[in-house]
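My entries follow in the order in which I looked things up.

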Amino acid sequence: DVDGVEKNYSPIAFSYNSTIDINFINITYGKGEPVKYEYRLNTSEQRPWEVTTATSVKYEQLQPGEYEFQVRAAPSSLSDVPQVASIKIIVQPLYWQTWWFKALVIASFVLVFTLSTVAYFTVKNKETLSNKKLIESQLNSLRAQINPHFIFNSLNSIQDFILDQQPRMANLYLSRFASLMRMIVENSQKEFTTLLIVTGK
């Protein structure tokens, strides 16, 4: 019998880290000599037989999985072709060893990765839009400071100096115009600009 269940050939389930005691006995009508038994605990592969004169076997801390315990009387004890008794044993895994828990962990990682990716691209998209708005604001500020008519009149005046053969005046006017454009561009990148007012009496 196995844990008090006699001749039960259906699989018996045990929790992980259980101590499994298997008892067996063979009735003989011999001279009272101890019977030798051969037993083995097979997994997916058959293991070699082990010999004992005891009538019980104990297994501790078996790994989760399916096993088949086989036992028979040693051929020299009773007959040349002994019958083999067997029983299937199932050791149940812990919750973190089950397939559903592993699938849950993988799904959680996939979900976290997906959410992180979406959040990352959302932030990057917001930064891009913010930078775009900033550039548009700077361009609008620059447009507000540069009057197209003023630029046209200034360049037209420089052209008149060149046509009137006044290169010195043209050069002076062009230098001042370039300095003004540079100052406008530099000040357009600042949030505040100092305004200097000069008055005379």
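This is a predicted model: local features need pLDDT of at least 70, side-chain atom pairs count only at pLDDT 80 or more; totals for chains, interfaces and linings use all residues.

**Strand pairing around β3**

I began with Asn 42, whose bridge partner in β6 is Glu 68. Residues are numbered from 1 along each chain as its sequence is written, and side-chain values use heavy atoms, with hydrogens and water left out.

β3 and β6 run antiparallel and are joined by six bridges. I then followed β3 to strand β4 (residues 50-52), with which it pairs in the antiparallel sense over three bridges; in β4, Thr 52 is the bridge partner of Tyr 37.

Is β3 enclosed or open? Six of its six residues are buried (under 20% relative accessible area, with exposed meaning over 50% and partly exposed in between, using a 1.4 Å probe and protein chains only), so the strand is largely enclosed by the rest of the structure. In a regular strand the side chains alternate between the two faces of the sheet. For β3 I listed Tyr 37, Tyr 39 and Leu 41 on one side and Glu 38, Arg 40 and Asn 42 on the other, and both faces are covered.

**Overall layout**

Stepping back, I counted three helices and seven strands, and from the N terminus on the elements run β-β-β-β-β-β-β-α-α-α. Of the 201 residues in the protein, 19% are buried. I also looked at contacts (heavy atoms within 4.5 Å) and found that, among those between residues at least 6 apart in sequence, 57% join residues at least 24 apart.

**Salt bridges**

How many salt bridges does a search of the whole structure find? It finds two, taking a salt bridge as a side-chain nitrogen of Lys or Arg within 4 Å of a carboxyl oxygen of Asp or Glu. In one of them, Arg 72 meets Glu 38, with the closest N and O atoms 2.7 Å apart. Arg 72 lies in strand β6 (residues 65-73) and Glu 38 in strand β3 (residues 37-42), so this pair ties together parts that are 34 residues apart in sequence. Glu 38 counts as buried, because its relative accessibility is 13%.

Lys 124 and Glu 127 form a salt bridge too, their closest N and O atoms being 3.8 Å apart. Both lie in helix α1 (residues 99-145), and because they are three residues apart there, about one helical turn separates them. Lys 124, at 37% relative accessibility, counts as partly exposed, and Glu 127, at 40%, is also partly exposed.

**The largest nonpolar core**

I took a nonpolar core as a set of buried Ala, Val, Leu, Ile, Met, Phe, Trp, Tyr and Cys residues joined through side-chain atoms within 4.5 Å. The largest one has 19 residues, of which Ile 20, Tyr 59, Phe 69 and Ile 89 touch the most other members. The elements that give it two or more residues are β1 (12-14), β2 (19-23), β3, β5 (56-60), β6 and β7 (85-91), and β6 supplies the largest share, four residues.

Leaving aside neighbours within four places in sequence, I found Ile 89 in contact with residues including Ile 12, Phe 14, Ile 20, Leu 41 and Phe 69. β7 runs antiparallel to β6, with seven bridges, and parallel to β1, with three. Ile 90 in β7 stands opposite Ala 13 and is also the bridge partner of Glu 66.

My last entry concerns Tyr 95, which lies in the loop between β7 and α1 and is exposed, with a relative accessible area of 53%. Not counting residues up to four places away in sequence, Tyr 95 touches Trp 100 and Phe 101.

How values were computed
Two strands pair if DSSP finds at least two bridges between them.
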